Amino acid sequence: MRMEASRRIAIRETVYILIGVTILTAVMFAVYWLIGRFDLSVLLGGIVGTLLSVGNFFFMSVSATLAADKAEKQDVNGGKRMMQASYPLRILVLSGALLLCGFSGYFDVFALVLPLVFVRPVLTLGVFFRKGGS
């Protein structure tokens, strides 16, 4: 029962991140448009960057949930190892995807990378907009 609740929390948090990062990416698009630099490469970079940032957050959240479940079952070291193993794997996949997209020439690199930075402010602002304890 605890595992199911923690998985629901991970999915709910990922949805919050998806909404927030999408809003900030739309603001980024508006800024590109205002300065006259919006084109297909910016659109593709923003979309792929958003998907990468939300995907990275989702897999981090799932790893944390699985690690917490192991710790709850008295396998604290197993949970710790799981978290330690997931980080370099996520960074490797994320870096590889960014490099492939960046060198392809189809993506605006700044628009590709900026959505990865949006996760932190969304998490920070989320604290202020959540109802007590949820």
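The model is a predicted one. Read from the N terminus, the order is α-α-α-α. I also took the extent of the C-alpha trace, which is about 55 × 35 × 20 Å along the principal axes.

**Entry: helix 2 by itself**

I looked up the length of helix 2, residues 40–72. It holds 33 residues, and the distance from its first C-alpha to its last is 48 Å. That is close to the 48 Å expected at 1.5 Å a residue. Then I checked what follows helix 2 and found Gln74 just after it, with a positive phi of about 70°.

**Entry: helix 2 against helix 3**

For each pair I noted angle and distance, because two packed helices are described by the angle between their axes and the distance between the axes. For helix 2 and helix 3 the axes come within 8 Å and cross at roughly 170°. Angles over 145 degrees count as roughly antiparallel, and helix 2 and helix 3 are therefore roughly antiparallel to each other. I listed the residues in contact. Helix 2 contributes Val48, Leu52, Asn56, Phe59, Met60, Ser63, Ala64, Leu66, Ala67, Lys70 and Ala71. Helix 3 contributes Val76, Gly78, Gly79, Met82, Met83, Ser86, Arg90, Leu94, Ala97, Leu98 and Cys101. Sorted by class, the contact of helix 2 with helix 3 has 15 nonpolar, five polar and two charged residues.

**Entry: helix 3 against helix 4**

I turned next to helix 3 (residues 76–104) and helix 4 (residues 109–129), whose axes come within 10 Å and cross at roughly 160°. Helix 3 and helix 4 are therefore roughly antiparallel to each other as well. The crossing of helix 3 with helix 4 is right-handed. From helix 3 the contact takes in Leu94, Leu98, Cys101 and Gly102, and from helix 4 Val109, Leu112, Val113 and Leu116.

**Entry: helix 2 against helix 4**

The axes of helix 2 and helix 4 come within 7 Å, with a crossing angle of roughly 45°. Helix 2 is therefore oblique to helix 4. I noted the hand of the crossing of helix 2 and helix 4 as right-handed. On helix 2 the residues that meet helix 4 are Val42, Gly45, Gly46, Val48, Gly49, Thr50, Leu52, Ser53 and Phe57. On helix 4 they are Ala111, Leu112, Pro115, Leu116, Val119 and Leu123. The classes for helix 2 with helix 4 are ten nonpolar, five polar and no charged.

**Entry: salt bridges**

I searched for salt bridges, and the count came to one. The pair is Arg37 with Asp108, at 3.9 Å from N to O. I placed both residues: Arg37 is in the loop between helix 1 (2–34) and helix 2, and Asp108 is in the loop between helix 3 and helix 4, so the bridge ties together parts that are 71 residues apart in sequence.

Technical notes. Residues numbered from 1 in each chain as written. Predicted model: local features only at pLDDT ≥ 70, side-chain atom pairs only at ≥ 80, totals over all residues. Heavy atoms only, no water. Axes fitted to C-alpha atoms, helices over the stretch in contact; angles between N-to-C directions. Helix = DSSP H or I, 4+ residues; strand = E, 2+ residues; numbered from the N terminus. Parallel < 35°, antiparallel > 145°, perpendicular 65-115°, else oblique. Left-handed = near helix turned anticlockwise from the far one by under 90°. Contact = heavy atoms within 4.5 Å. Expected span 1.5 Å × (residues − 1). Nonpolar A, V, L, I, M, F, W, Y, C, P; charged D, E, K, R; others polar. Salt bridge = Lys/Arg side-chain N within 4 Å of Asp/Glu carboxyl O.
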